Amino acid sequence: MDIPLFKKLHAEGLISDQALGQAEAYEGSRLFSLFRELRLLLYLGVLLLTGGLGIVVYKNIDTIGHQAVLVFIALITVGSFYYCLREKTAFGWDKVEAPNSIFDYILLLGCLSLLIFLGYWQYQYDIFGNNYGLATFIPMVILFVAAYYFDHLGVLSLAVTNLAAWAGLSITPLTLIKENGFTDHRLIFTGMLLGVVLLAFGRLTSQRRIKAHFETTYTNFGLHLFFVAALAGLFTYDAIYLLWFAGLAGIAWYLCVQAIRRRSFYFVLMIVLYTYIGLCYTVLRLLWKGSQGDIIALGLLWLGFSAFGVAALLIRLNRKIHNHDSL
Amino acid sequence: MIVYKHIDLDNRDVRKQAAAALSKKIITKEEFDRIDVAYSCDLYTPNFFVRVGLFLLTVLAALCCLGLFVLTSGGGDKSLGGLFIFFGVLAYAALELFIYTRRIYEAGTDDALLLIAGSMIITGINILSSHIDPLMESGMVLALALWGFVRYADRLMALISYAAFLCLIFYQLGESPIGRALLPFVVMVVSVVLYLLFTRLSALSRLRFYRSGLVLLRVAALLSFYAAGNYYVVREVNAFISHHSGAIALGFLWWTLTGLVPILYIVRGVQKKDLVFLWTGLGLMAAAVFTVRYYYHILPAELAMIICGSILIAGAWFLIRWLHEPKYGFTSAEIDDPDPALLEGLPVEGLILAESFRPAAAPPEPGVHYGGGTSGGGGAGGGY
């Protein structure tokens with residue numbers, strides 16, 4: 001709080017004596033909070049520890065005879081879950097605040113070390129047999145249960161990526177496009193289907209108020225997965241690309257209306273940009289087919305003008321969401 | 001100098017403060033509305049995501065424009081270079097026009113146009129002249145970026161001009177053997193002087209519109225001070241300019257600086273309750289660890305990770321518990337809400353997590369023998 005500014009506002013009669021007093025009291029009693037710094041360190045610690053353990057197991061997977069590392073990992077898992085079960089606040093279908101600021105990280109530690117443990121177990125003893133589906137299915141179920149039971153968004157993200165892995169897809173931000181090789185017909189349809197399922201589930205989550213704050217996570221994964229798969233389909237299925245684009249645009253329209261309704265700038269931007277990529281592809285293909293002449297110039301003209309158009313659209317949508325704000 | 005009207009920027013700041021006070025319930029909604037009317041501001045600053053979108057679209061539109069220009073101009077290096085410069089000037093003109101007519105401020109379009117204008121002019125000059133030495137190049141970048149910072153208060157331009165200034169020193173001193181030997185010390189002295197200068201400048205009310213840029217410049221000065229004394233940086237830069245690598249003189253000094261400076265930053269950050277020092281120190285701590293590990297493999301990486309991780313968890317846990325009740329003006333409790341408008345509760349942490357611990361995707365054919373790494377960093381490949 002800028003106290004001279006508040007004094008000036010007070011002198012102008014814009015704020016009351018009480019407000020000025022509160023501002024001064026706030027500034028006077030202000031503490032230096034290390035909240036974010038400490039949480040960042042804790043988070044880094046959990047990532048480093050579990051990452052290190054994962055590598056130890058991975059490297060020595062054939063030679064761990066004495067099982068010491070395994071016992072260590074099991075101890076961490078059991079200890080973490082024991083702590084979480086003891087400390088947790090009562091379960092509820094709404095957002096449940098963590099009992100303290102360490103809780104979330106201990107739960108994370110427990111879940112990650114459990115994953116490492118299960119991974120090693122599967123390798124060594126084939127507990128799930130040759131059934132890959134089961135080997136990803138069990139961790140996924142555990143993660144989902146933990147995410148809902150303890151109300152943890154990070155664990156939920158892990159669970160969703162495991163769900164995708166179970167369906168044969170890799171959907172973390174950096175691997176979504178790189179590792180999937182979306183020319184495979186099966187992957188395109190799996191991706192679109194899973195995307196739609198996640199989006200629908202997100203909507204259900206918020207409508208039925210089953211942990212409504214989980215919706216963003218579902219929608220985020222679902223949206224990206226759906227659009228990347230659908231665009232891959234657009235590029236792959238040459239024969240019906242116009243039809244494909246029409247379908248894509250229709251769904252994009254629906255999603256955009258939803259996103260505006262829930263006033264999410266981020267989702268609106270993503271939907272607009274993905275749809276714009278599809279639109280540009282379709283228009284450029286049409287140009288390519290239709291004109292014999294200067295295709296490059298025409299393409300550049302189209303891209304330049306359409307970019308302006310989309311920019312104007314974004315500004316309008318932004319204003320629209322803002323107007324909703326004041327309603 | 002600055003392109004925006006002072007009153008607009010001042011009012012914008014008042015409104016921001018009022019909004020913050022409203023969210024902390026220091027002022028009432030009625031008071032906020034009164035301030036809102038009294039301090040109007042018609043600068044257009046959209047939401048952060050819209051800003052990103054506008055940035056990308058502006059870059060696309062400008063590049064297409066440039067493409068059309070090139071198509072119509074025909075060939076020839078001379079005309080091409082002139083075209084780039086002309087285009088850069090045009091981008092500046094468009095920027096001024098947009099600011100005057102559409103009142104954009106930190107709107108994405110202005111960021112993009114400023115960046116495009118500068119880079120086009122530099123590219124054009126490079127095409128036109130057959131040979132430009134790095135010294136000249138740094139000077140040009142410095143001049144253009146400084147102009148961008150002074151006129152548009154653009155933070156990216158502030159950082160670019162700082163980097164260009166460092167390059168200027170680097171190329172100037174790199175020419176002579178004495179200069180090469182003195183380079184780290186000169187950079188350190190310059191960093192200290194500039195840090196003090198930036199701190200002084202940001203206290204001036206006349207320069208209040210540049211404050212956020214000056215904070216970044218302070219961070220940059222702290223970083224360059226550390227880099228000038230970091231063993232890895234000194235060794236690599238030395239190898240780069242003298243063309244032979246190997247151990248360097250005064251190794252003890254550089255190692256001391258590598259380890260000590262981050263700690264001093266953190267200590268000072270805690271002492272002065274200065275976030276700039278604290279965060280820079282925390283970040284550089286990681287840099288120091290990586291530097292040591294690069295040359296001395298004291299422990300295998302995974303063991304180092306486990307030990308560091310355990311220490312971090314234990315230390316952070318202890319501090320959180322200890323500062324639960326505020327001590328010496330510190331607390332581990334949350335007092336300032338994280339900026340809710342920016343991330344809108346996006347699960348950023350969750351995404352980083354999912355990225356670090358990505359499961360291996362199932363093989364397409366069921367029944368293929370599977371054996372390895374469902375989880376765990378580095379185990380993502382999974383042999384099957």
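1. A residue is counted as buried here if 20 or more other C-beta atoms lie within 10 Å of its own, and as exposed if 12 or fewer do, with partly exposed residues in between. By that criterion, 35% of the 384 residues of chain B are buried. The model discussed in this note is a predicted one, and the points below should be read with that in mind.

2. On the overall make-up of chain B, the secondary structure amounts to 15 helices and 1 strand. Among the contacts in chain B with a separation of 6 or more, 56% are between residues 24 or more positions apart.

3. The largest nonpolar core holds 164 residues, and the members that touch the most other members are A:Leu42, A:Val46, A:Cys111, A:Val155, A:Ala159, B:Ala91 and B:Ala117. Helix H5 of chain A, residues 103–125, supplies the largest share of this core, with 14 residues. There is also a second, separate core of 12 residues, and A:Leu9, A:Ile15, B:Val14 and B:Ile35 are included in it. As general background, nonpolar side chains tend to be buried together in soluble globular proteins.

4. What does A:Leu42 touch, once residues up to four places away in sequence are left out? In chain A the partners are A:Ile102 and A:Tyr105, while in chain B they are B:Leu312, B:Ile313, B:Ala316 and B:Trp317.

5. From H9(A) the contact draws on A:Thr219, A:Leu223, A:Phe227, A:Leu231, A:Leu234 and A:Phe235, and from H11(A) on A:Phe267, A:Met270, A:Tyr274, A:Ile277, A:Gly278 and A:Tyr281. By residue class, this contact comprises 10 nonpolar, 2 polar and no charged residues.

6. Against H10(A), residues 241–261, the axis of H9(A) comes within 8 Å and the two cross at roughly 160 degrees. Because angles over 145 degrees count as roughly antiparallel, H9(A) and H10(A) are described as roughly antiparallel to each other, and their crossing is left-handed. Here A:Ala230, A:Gly233 and A:Leu234 of H9(A) meet A:Tyr241, A:Trp244, A:Phe245 and A:Leu248 of H10(A). The residues of this contact divide into 6 nonpolar, 1 polar and no charged.

7. A:Gly278 is 46 residues away from A:Ala232 along the chain, yet their C-alpha atoms are separated by 9.6 Å. A:Gly278 is also among the residues through which H11(A) makes its contact with H9(A).

8. In chain B, helix H4, residues 77–102, and helix H5, residues 109–128, have axes that come within 8 Å and cross at roughly 160 degrees. H4(B) and H5(B) are therefore roughly antiparallel to each other, with a left-handed crossing. The residues of their contact divide into 19 nonpolar, 6 polar and 3 charged.

9. Two residues of chain B deserve a look at the backbone. B:Glu106, in the loop between H4 and H5 of chain B, has a phi near 50 degrees, which is a positive value in a residue other than glycine. B:Glu106 is partly exposed, with 18 other C-beta atoms within 10 Å. B:Ala153 likewise is not a glycine but has a positive phi of about 50 degrees, and B:Ala153 lies in the loop between helix H6 (134–152) and helix H7 (155–173) of chain B. B:Ala153 is buried, since 22 other C-beta atoms lie within 10 Å.

10. Finally, A:Ala98 is found in the loop between helix H4 (68–87) and H5 of chain A. With 18 C-beta neighbours inside 10 Å, A:Ala98 counts as partly exposed. Leaving out residues up to four places away in sequence, A:Ala98 touches A:Phe103 and A:Asp104. A:Phe226 is 128 residues from A:Ala98 in sequence, and the two are 32 Å apart in space, C-alpha to C-alpha.

Conventions. Residues are numbered from 1 along each chain as its sequence is written. Chains are lettered from A and ligands numbered from 1 in the order in which they are written. This is a predicted model: local features need pLDDT of at least 70, side-chain atom pairs count only at pLDDT 80 or more; totals for chains, interfaces and linings use all residues. A nonpolar core is a set of buried Ala, Val, Leu, Ile, Met, Phe, Trp, Tyr and Cys residues joined through C-beta atoms within 7 Å. Helices (H or I, at least four residues) and strands (E, at least two) are DSSP runs, numbered from the N terminus. Two residues are in contact if their C-beta atoms, placed from the backbone, lie within 7 Å. Ala, Val, Leu, Ile, Met, Phe, Trp, Tyr, Cys and Pro count as nonpolar, Asp, Glu, Lys and Arg as charged, and the others, Gly among them, as polar. Axes are lines fitted to C-alpha atoms, for helices over the stretch in contact, and angles run from 0 to 180 degrees between N-to-C directions. Angles under 35 degrees count as roughly parallel, over 145 as roughly antiparallel, 65 to 115 as roughly perpendicular and the rest as oblique. A crossing is left-handed if the near helix is turned anticlockwise from the far one by less than a right angle, and right-handed if clockwise.
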